[in-house]
Amino acid sequence: MKTTINQVSKYLDQEVTIGAWLANKRSSGKIAFLQLRDGTGFIQGVIAKADVPEEIFTTAKSLTQESSLYVTGTIVKDTRSPFGYEMQVKKIEVIHEAKDYPITPKEHGTEFLMDHRHLWLRSKKQHAIMKIRNQIIQATYQFFAKEGFMKIDPPILTGSAAEGTTELFHTQYFEEEAYLSQSGQLYMEAAAMALGKVFSFGPTFRAEKSKTRRHLIEFWMIEPEMAFTTHEESLEVQEQYVQYIVESVLQNCQLELNTLGRSVEKLEKIKAPFPRITYDKAIELLREKGFNDIKWGEDFGAPHETAIAESFEKPVFITHYPKDIKAFYMKPDPERDDVVLCADLIAPEGYGEIIGGSARIDDLSLMEQRYIEHNLAGDAYKWYLELRKYGSVPHAGFGLGLERTVAWICGVEHVRETIPFPRLLNRLYP
Ligand code: 4AD
Ligand code: MG
C-alpha cells in the first residue's frame, strides 16, 4: 500500500510504501535510523541489520542526505517521538542519489540559508512555518465565508497609489505609467458598494527601503471591506477573525507549534474582545515607560509598539490617531477633527502592527477637500470619488498582513522565514 507520512496512523502494524527524501541519518554497526520526510511530515525509519538482507542494510548505511527513495516497512507506535509512529524498514529503493547537499545538519548562517532558500524550505522548521501559514490561509477563507463575505480580487497593476506615493513600484503599461498595488483597498470599497461585505487576499508591493524584521517588499494582505459598517463594528470583526485563525492553528498544528517551540499557553489567551486604547492614551503610556521625548502627532516606530504591547497579553488596538499621520481616506472623529476613526492592531510579544484599518470618508465634499490637500487631482482617482456620489454609505475595512501574523503565531523572529520566497531590500534571489 502506497501512502504518505501524515496518513500512517491508519496503517498501524501494516506494511506500507512511502515516497520520501532522507533528511538525516544515524547509524551504528547494527542499526540505522533514517529521518524521512515526504512533504506531509517527518517519520523515523528504523532498520536493524539482523532483520533485513545484508544488501538492504548496506544501502541504508550508504544513503546520502536528500536522496529520494521509496521506503517500504511496517508502521509501529513510537511513544518517544511527538509524532507517535515510526517505520520498521524492510526495503529501500533509491530513486535518485543526492550528492553533497549544501545544507548539512550543522549550523549555517542566515545569508547562506537565504541564498539556498529553494532547498532550505525542506527543513523541519521551515516546513512547520509553511504548514502554519497554510492553516492561516485556510482559516481566513473559512472565516469570511462563514461571515457572509464575498472574495473579490482587486487588480495588481494600478494607475493610482492607495497608501501614499513614496513606496510605489513603477512599471511601464504600454504608453502609460503604472504601479504595482500597495493595497487593494480603494477597489475593495467599490466592490463593497456592489456586493456588501467583501474581502481580498493577494500580494501587495511596497518599495520601502526598510531593513527590519517586520518588512517585506512583497507581502500578502487580507483586506475586508464592509458597507453599512461603523469603525466599532469593524474592530469586532477584526478581533473575531484574529481569534479564529489562532484557534484554527491551535487545533490543527500542534505538532508544528511543538517543532517551533512555540508557547501554546500564550496563544490560548488570544480571545476576543481585545483591549482598545486611544493614541492619546498610548502617548501617556509611552511617557510612563520612559519615552519622554515623544510628542503628540508623531507616528509610532517599532520600539514604541513593542513597549505598548508589553502591557498586554492580547493584541491591542490603538485607535484615533492624528489625521496628519494617516491616509487621506480615513474618516475624522465627529467629536474631534484632529483625529480619525482608525485602529492599528498591535500583536503581543514585539511582533508589531498586524492590522491597519479605519472607517472611510463617505461625504463627497469632505473627500473632495482631501483630494486638494493631498494633491490627488486628475483622472486616476475620479472613479473613487464617484463612490461618494452615488448612494454613499458609512463603510469600514482593514488590512491584515499575512507574514507578520505568521511570524507572531509561529514565534519566529523575522518575517523572511514566513513567506516561501521573500523579497527583501537586497534580495530577489532565489
Ligand atoms: O497599514 P497598512 O499600510 O494598511 C493598508 O494598506 C490599508 N489600505 C489596509 C486596509 O484598510 N484595507 O498595511 C496593512 C498591514 C499592516 O498592518 C502590516 O501587517 C502589513 O499590512 N504590512 C506589511 N507586512 C510586511 N511588510 C511590509 N512592508 C508591510 N507593510 C504593511
Ligand atoms: Mg499601517
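View 1. K151 stands opposite F199 in β11, and the two strands concerned, β7 and β11 (residues 197–205), run parallel and are joined by two bridges. Strands, like helices, are DSSP runs numbered from the N terminus (strands E, at least two residues; helices H or I, at least four), and two strands pair if DSSP finds at least two bridges between them. The model is predicted, so local features need pLDDT of at least 70 and side-chain atom pairs count only at pLDDT 80 or more, while totals for chains, interfaces and linings use all residues. Residues are numbered from 1 along each chain as its sequence is written, chains are lettered from A and ligands numbered from 1 in the order in which they are written, and side-chain values use heavy atoms, with hydrogens and water left out.

**View 2. The whole open sheet.** Eight strands make up an open sheet of mixed pairing, in the order β7-β11-β12-β19-β18-β17-β14-β13. Its edge strands are β7 (150–151) and β13, each of which pairs on one side only. Strands of a sheet pair through backbone hydrogen bonds, either parallel or antiparallel.

**View 3. Strand β19 and its two partners.** β19 is largely enclosed by the rest of the structure, because seven of its seven residues are buried, where buried means under 20% relative accessible area, exposed over 50%, and partly exposed in between (1.4 Å probe, protein chains only). H395, G397, G399 and G401 point one way from β19, whereas A396, F398 and L400 point the other way. In a regular strand the side chains alternate between the two faces of the sheet. With β12, β19 pairs in the antiparallel sense over five bridges, and M221 stands opposite G401 in β19. With β18, β19 also runs antiparallel, joined by five bridges, and here A359 stands opposite A396.

**View 4. The surroundings of ligand 1.** Ligand 1 is surrounded by 22 residues, the closest of which are E163, Q185, R206, E223 and E353; a residue is near a molecule if one of its heavy atoms lies within 4 Å of it. A polar contact is a pair of N or O atoms within 3.5 Å. A nitrogen atom of ligand 1 is 2.7 Å from an N or O atom in the side chain of Q185, a nitrogen atom of ligand 1 is 3.5 Å from a polar backbone atom of R214, and an oxygen atom of ligand 1 is 3.0 Å from a polar backbone atom of I354. Taken alone, ligand 1 exposes 640 Å², of which the protein buries 93%, with areas from the Shrake-Rupley method and a 1.4 Å probe. Two or more residues of the shell come from each of β12 (218–227), β18 (352–359) and β19 (395–401).

**View 5. Two cis peptide bonds.** The bond joining A272 and P273 is cis, with omega about 0 degrees, and P273 is placed in the loop between α8 (264–268) and β13 (276–278). A cis peptide bond also runs from Y429 to P430, with omega near -5 degrees, and P430 lies in the segment after α13 (402–410).

View 6. F174, a residue other than glycine, has a positive phi near 55 degrees and lies in the loop between β9 (170–173) and β10 (176–180); its relative accessible area of 70% makes F174 exposed. N375, likewise not a glycine, has a positive phi of about 55 degrees and is placed in the loop between α11 (364–373) and α12 (382–386), where N375 counts as exposed at 71% relative accessibility.

Note on methods
A polar contact is a pair of N or O atoms within 3.5 Å; within protein, one must be able to donate a hydrogen and the other to accept it, and residues adjacent in sequence count only if both atoms are side-chain atoms.
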